[in-house]
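Happy to go through this one with you. Let's take some labels and ask what stands behind each of them.

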Amino acid sequence: MLPDFLSAEGERRCRRLLAGATARYRARPAAAAVLVPLCLVRGTPALLYTLRSSRLAGKHKGEVSFLCLPSFPGGKCDPTDRDVVHTALRETLEEVGLLVSEQHVWGILQPVSDQVDEVFALPLAHLLQAQNRGYTHFCQRDHSQYTLPVFLHGPHRIWGLTAIITEFTLHLLAPGIYQPCLAGVRLPRS
(Lines give C-alpha, C1' and ligand atoms only; values in the text may rest on other atoms or scores of the structure.)
Protein backbone atom coordinates (compact mmCIF):
# COMPACT_ATOMS: atom_id res chain seq x y z
CA MET A 1 0.00 0.00 0.00
CA LEU A 2 1.41 3.36 -1.02
CA PRO A 3 1.31 6.28 1.41
CA ASP A 4 -1.07 9.21 0.94
CA PHE A 5 1.27 11.44 -1.07
CA LEU A 6 -1.15 14.37 -0.99
CA SER A 7 -1.89 14.27 2.75
CA ALA A 8 -1.57 17.36 4.95
CA GLU A 9 1.46 15.73 6.59
CA GLY A 10 3.09 15.10 3.20
CA GLU A 11 2.39 18.68 2.15
CA ARG A 12 3.96 20.05 5.36
CA ARG A 13 7.05 17.86 4.88
CA CYS A 14 7.48 19.00 1.25
CA ARG A 15 6.92 22.67 2.12
CA ARG A 16 9.52 22.39 4.91
CA LEU A 17 12.07 20.76 2.60
CA LEU A 18 11.48 23.35 -0.12
CA ALA A 19 11.29 26.45 2.12
CA GLY A 20 14.91 27.57 1.64
CA ALA A 21 14.92 27.17 -2.15
CA THR A 22 11.50 28.81 -2.40
CA ALA A 23 12.67 31.93 -0.56
CA ARG A 24 15.88 32.16 -2.64
CA TYR A 25 14.24 31.68 -6.04
CA ARG A 26 11.28 33.98 -5.38
CA ALA A 27 13.71 36.77 -4.50
CA ARG A 28 15.55 36.79 -7.84
CA PRO A 29 14.51 37.28 -11.45
CA ALA A 30 14.21 34.20 -13.68
CA ALA A 31 13.89 33.56 -17.40
CA ALA A 32 11.24 30.81 -17.15
CA ALA A 33 9.28 28.61 -14.75
CA VAL A 34 7.18 25.43 -14.78
CA LEU A 35 4.50 24.03 -12.49
CA VAL A 36 4.59 20.37 -11.39
CA PRO A 37 0.84 19.75 -10.95
CA LEU A 38 -0.06 17.11 -8.37
CA CYS A 39 -3.66 15.99 -8.80
CA LEU A 40 -6.13 13.22 -8.09
CA VAL A 41 -7.43 11.21 -11.05
CA ARG A 42 -10.36 9.02 -9.93
CA GLY A 43 -8.96 9.22 -6.39
CA THR A 44 -5.42 8.25 -7.43
CA PRO A 45 -2.51 10.70 -6.91
CA ALA A 46 -0.93 11.65 -10.25
CA LEU A 47 1.32 14.15 -11.99
CA LEU A 48 -0.25 16.19 -14.79
CA TYR A 49 1.74 16.56 -18.02
CA THR A 50 1.13 18.27 -21.32
CA LEU A 51 2.12 17.34 -24.82
CA ARG A 52 3.39 20.49 -26.49
CA SER A 53 1.76 21.29 -29.80
CA SER A 54 3.63 20.20 -32.91
CA ARG A 55 2.40 23.46 -34.48
CA LEU A 56 4.56 25.63 -32.21
CA ALA A 57 7.59 27.35 -33.64
CA GLY A 58 10.90 26.65 -31.95
CA LYS A 59 12.76 23.71 -30.51
CA HIS A 60 10.17 22.60 -27.91
CA LYS A 61 7.28 21.84 -30.27
CA GLY A 62 5.88 18.36 -29.87
CA GLU A 63 7.62 17.78 -26.53
CA VAL A 64 6.07 16.24 -23.42
CA SER A 65 6.53 18.69 -20.62
CA PHE A 66 5.20 18.85 -16.96
CA LEU A 67 2.63 19.99 -20.78
CA CYS A 68 4.75 16.09 -29.24
CA LEU A 69 7.33 16.03 -26.10
CA PRO A 70 5.68 15.61 -22.71
CA SER A 71 6.40 18.46 -20.32
CA PHE A 72 5.04 20.33 -17.33
CA PRO A 73 3.09 23.55 -17.94
CA GLY A 74 5.33 26.59 -17.95
CA GLY A 75 7.31 29.00 -20.03
CA LYS A 76 9.11 32.30 -20.25
CA CYS A 77 8.66 35.02 -17.66
CA ASP A 78 6.69 38.09 -18.71
CA PRO A 79 7.65 41.56 -17.45
CA THR A 80 4.34 41.66 -15.56
CA ASP A 81 5.12 38.47 -13.56
CA ARG A 82 6.05 39.24 -9.94
CA ASP A 83 8.19 36.11 -9.60
CA VAL A 84 8.66 32.54 -10.84
CA VAL A 85 5.56 31.31 -9.02
CA HIS A 86 3.39 33.81 -10.88
CA THR A 87 5.07 32.84 -14.16
CA ALA A 88 4.29 29.16 -13.60
CA LEU A 89 0.70 29.86 -12.54
CA ARG A 90 0.07 32.23 -15.49
CA GLU A 91 1.56 29.77 -17.99
CA THR A 92 -0.51 26.91 -16.52
CA LEU A 93 -3.68 28.94 -16.95
CA GLU A 94 -2.71 29.91 -20.53
CA GLU A 95 -1.68 26.41 -21.59
CA VAL A 96 -4.27 24.16 -19.98
CA GLY A 97 -6.88 26.49 -18.51
CA LEU A 98 -6.09 25.36 -14.95
CA LEU A 99 -6.41 28.18 -12.41
CA VAL A 100 -4.20 27.38 -9.42
CA SER A 101 -4.16 29.57 -6.33
CA GLU A 102 -0.75 30.67 -5.05
CA GLN A 103 -1.60 29.16 -1.64
CA HIS A 104 -1.61 25.71 -3.31
CA VAL A 105 2.02 26.05 -4.43
CA TRP A 106 4.06 23.91 -2.03
CA GLY A 107 7.41 25.37 -3.01
CA ILE A 108 10.00 25.82 -5.71
CA LEU A 109 12.29 23.03 -6.87
CA GLN A 110 14.40 25.22 -9.15
CA PRO A 111 13.85 27.93 -11.75
CA VAL A 112 13.42 26.41 -14.84
CA SER A 113 -3.85 26.90 -25.06
CA ASP A 114 -2.71 26.51 -28.65
CA GLN A 115 0.62 25.49 -27.19
CA VAL A 116 -0.69 22.07 -26.10
CA ASP A 117 -1.90 19.08 -28.14
CA GLU A 118 -2.78 16.89 -25.16
CA VAL A 119 -3.03 16.93 -21.36
CA PHE A 120 -2.51 13.63 -19.56
CA ALA A 121 -1.83 12.35 -16.06
CA LEU A 122 0.40 9.52 -14.89
CA PRO A 123 -0.40 8.03 -11.47
CA LEU A 124 2.40 8.26 -8.94
CA ALA A 125 2.07 4.49 -8.42
CA HIS A 126 2.85 3.97 -12.14
CA LEU A 127 5.85 6.31 -12.03
CA LEU A 128 7.19 4.58 -8.90
CA GLN A 129 7.21 1.10 -10.47
CA ALA A 130 10.73 0.06 -11.49
CA GLN A 131 9.55 -1.47 -14.77
CA ASN A 132 8.20 1.92 -15.87
CA ARG A 133 11.46 3.81 -15.60
CA GLY A 134 14.93 3.59 -16.98
CA TYR A 135 17.94 5.65 -17.93
CA THR A 136 19.26 6.86 -21.26
CA HIS A 137 23.02 7.11 -21.68
CA PHE A 138 24.22 9.76 -24.09
CA CYS A 139 27.58 8.94 -25.63
CA GLN A 140 30.16 10.85 -27.57
CA ARG A 141 33.05 9.02 -29.25
CA ASP A 142 32.04 5.73 -27.59
CA HIS A 143 32.26 7.21 -24.08
CA SER A 144 29.27 7.82 -21.84
CA GLN A 145 28.93 11.59 -21.38
CA TYR A 146 25.81 11.77 -19.23
CA THR A 147 22.82 9.74 -18.11
CA LEU A 148 19.23 10.95 -17.85
CA PRO A 149 16.11 9.28 -16.47
CA VAL A 150 13.27 8.20 -18.75
CA PHE A 151 9.75 7.13 -17.75
CA LEU A 152 8.12 4.53 -19.99
CA HIS A 153 4.87 2.65 -20.61
CA GLY A 154 2.54 5.64 -20.33
CA PRO A 155 0.79 7.34 -23.24
CA HIS A 156 4.09 9.12 -23.98
CA ARG A 157 7.74 8.65 -23.04
CA ILE A 158 8.86 11.18 -20.41
CA TRP A 159 12.49 12.22 -20.88
CA GLY A 160 14.86 15.19 -20.81
CA LEU A 161 14.37 17.99 -18.31
CA THR A 162 10.80 16.84 -17.62
CA ALA A 163 12.09 13.41 -16.54
CA ILE A 164 14.71 15.03 -14.30
CA ILE A 165 12.00 17.16 -12.64
CA THR A 166 9.76 14.07 -12.37
CA GLU A 167 12.58 12.11 -10.72
CA PHE A 168 13.25 14.87 -8.21
CA THR A 169 9.52 15.22 -7.48
CA LEU A 170 9.14 11.47 -6.85
CA HIS A 171 12.16 11.52 -4.55
CA LEU A 172 10.61 14.46 -2.67
CA LEU A 173 7.12 12.89 -2.41
CA ALA A 174 8.20 9.30 -1.71
CA PRO A 175 11.73 9.38 -0.22
CA GLY A 176 11.43 5.96 1.38
CA ILE A 177 9.98 4.37 -1.75
CA TYR A 178 11.65 6.09 -4.70
CA GLN A 179 15.42 5.96 -4.91
CA PRO A 180 16.80 7.76 -7.96
CA CYS A 181 19.86 6.30 -9.61
CA LEU A 182 21.30 9.67 -10.61
CA ALA A 183 23.97 10.94 -8.26
CA GLY A 184 22.87 14.57 -8.49
CA VAL A 185 19.29 14.04 -7.24
CA ARG A 186 19.23 15.04 -3.58
CA LEU A 187 16.51 16.38 -1.34
CA PRO A 188 17.06 19.83 0.19
CA ARG A 189 17.95 19.84 3.86
CA SER A 190 15.15 20.92 6.14
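Q: What does the side chain of H126 reach, and at what distance?
A: The side chain of H126 reaches the backbone oxygen of L152 at 3.2 Å. A polar contact is a pair of N or O atoms within 3.5 Å, where within protein one must be able to donate a hydrogen and the other to accept it, and residues adjacent in sequence count only if both atoms are side-chain atoms. A word on the source: this is a predicted model, where local features need pLDDT of at least 70 and side-chain atom pairs count only at pLDDT 80 or more, while totals for chains, interfaces and linings use all residues. Residues are numbered from 1 along each chain, and side-chain values use heavy atoms, with hydrogens and water left out.

Q: Why is H126 called buried?
A: Its relative accessible area is 17%, and buried means under 20% (exposed is over 50%, partly exposed in between, with a 1.4 Å probe and protein chains only). So H126 counts as buried.

Q: What makes the pair of Y49 and F120 stacked?
A: The ring centres are 5.6 Å apart and the planes are at 15 degrees. Rings of Phe, Tyr and Trp (its six-membered ring) pair if their centres lie within 6.5 Å, and planes under 30 degrees apart count as stacked, over 60 as edge-to-face and the rest as tilted. The pair is therefore stacked. A search of the whole structure finds one aromatic pair. Both Y49 and F120 are buried.
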